[in-house]
Amino acid sequence: MTHPAPDPFKPRLLVCDVLYTGMGGGHAPGGVVVVGDTVAATGDPAQLRARYPQAQVEEVGGVIAPPPVNAHTHLDMSAYAFQALPYFRWLPEVVIAQREQRGVAGALAGADELARLGVGGVGDIVWSGEVMDALLAREDLRGVLYFEVLGTFAEQADKRFAEVRQRVEAWRKLERPGGPRIGLTPHTPYTVSHHLMRLVAEYAAGEGLPLQIHVAEHPSEPELFATGAGPLWDHRLPAFWPETFAEVIGRAPEPGLTPVRYLDELGVLAAKPTLVHMVNVTPDDIARVARAGCAVVSCPRSNHHLECGTFPWTAYAAAGVEIALGTDSVASGESLDVRDDVAFARGLYPALDPRVLVRAAIKGGGRALGLPTPFIRRGEAWSEDYLWKV
Ligand SMILES: [Zn+2]
């Protein structure tokens with residue numbers, strides 16, 4: 001039996017659970033009319049059925065959306081084996097135990113995986129110059145490569161900053177239009193001295209360089225700023241730290257001092273860094289971030305696997321803070337597919353409209369990294385990659 005050839009001009013109406021086109025708030029359920037390989041219309045499936053009665057309906061389910069943005073990862077850890085462990089065990093038993101796996105080979109494998117996933121952009125933390133050289137040469141990466149800066153001794157900050165600045169200036173000459181941009185990431189508010197933090201933030205603000213900082217990932221971090229002690233301090237390697245935490249942050253820890261308030265009072269939030277994790281925060285912290293206009297990146301699976309707590313999504317959204325999503329490294333996030341974090345977050349926030357989560361993975365990520373949002377709209381080419389497999 002032979003079938004007639006499918007009519008390329010007969011419209012298809014694809015019906016999904018969640019449609020996000022890059023504009024507006026999205027539709028749930030949603031529909032996309034495709035004629036040939038072009039989008040003819042998007043919107044509410046019932047209205048589209050009425051407008052295109054001749055269309056062949058395909059119940060595809062799931063999500064239809066442009067490629068998502070993975071706004072925070074560590075590609076150079078892509079050869080690590082995933083392991084879920086409480087935060088203070090994960091650091092020695094995974095990050096340090098598998099440190100031989102970290103480097104250029106893992107970073108390139110991670111970049112290959114992002115290309116295979118069709119990711120729309122990445123915010124990557126780059127730990128070494130060799131990895132930066134390798135990733136900067138990738139024609140298929142878009143987003144920001146943030147060079148990581150660490151150093152707890154304030155008296156060494158000028159020398160460290162001069163080295164970083166020299167490297168960044170050289171790398172910026174290698175940026176290509178459409179390729180990844182160079183950014184900077186002071187690792188955390190507690191592993192970078194106040195002096196180095198200020199130098200990096202002022203330089204980034206002056207040069208228009210993107211900044212990203214891990215903040216308030218684990219409950220022990222606000223505890224350190226409030227007391228100068230606790231498990232984060234007890235687990236440090238003393239050779240890399242001054243005598244007291246007060247020397248790192250250039251002020252005395254005190255009740256009510258949080259990592260976010262510290263960054264704000266140091267002037268760092270004025271440089272509009274993207275703040276990653278932001279799980280263990282106060283209402284005052286959220287208000288400060290909203291006032292400063294900083295975007296935040298949530299890594300739901302990583303936070304869950306390391307038992308860091310739950311990112312207070314609705315509190316940020318109510319304050320008008322732009323939220324993006326990231327996987328973190330595969331060692332804590334399990335995969336580099338940020339769509340898996342959207343799926344996980346749907347279980348984590350059952351009362352939250354799933355359109356909000358999908359929007360965060362696309363527009364939120366684009367805003368956090370300074371990338372334009374792609375659109376699914378009338379007259380543009382249709383891609384089967386818009387059907388998310390989650
Ligand atoms: Zn991270």
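Which element gives the largest share of the lining of the largest pocket? I found that this share comes from H2, with 7 residues. I note that the model is a predicted one.

Entry on the largest pocket. I read a space of about 1400 Å³ for the largest pocket. Its lining has 42 residues, and I listed those closest to the centre: Leu91, Ile96, Leu150, His187 and Thr191. I then looked up which elements give two or more residues to this lining; they are helix H2 (87–96) and helix H5 (157–172). By class, I recorded 20 nonpolar, 12 polar and 10 charged residues in the lining of the largest pocket.

Entry on the second largest pocket. Here I read about 290 Å³ of space. I counted 22 lining residues for the second largest pocket, with Lys272, Thr274, Ala295, Arg367 and Ala368 nearest its centre. Helix H11 (283–292) and helix H16 (354–369) are the elements that give two or more residues to this lining. The largest share, 3 residues, comes from H16. I recorded the classes of the lining of the second largest pocket as 13 nonpolar, 5 polar and 4 charged.

Entry on Ala109. I located Ala109 in helix H3, which spans residues 104–117.

Note on methods:
Residues numbered from 1 in each chain as written. Predicted model: local features only at pLDDT ≥ 70, side-chain atom pairs only at ≥ 80, totals over all residues. Heavy atoms only, no water. Helix = DSSP H or I, 4+ residues; strand = E, 2+ residues; numbered from the N terminus. 1 Å grid on protein atoms, 1.4 Å probe; cavity = no way out; pocket = protein on both sides within 12 Å on 5 of 7 lines; lining within 4 Å. Points joined across faces, edges and corners; volume = space filled by probe spheres on them. Nonpolar A, V, L, I, M, F, W, Y, C, P; charged D, E, K, R; others polar.
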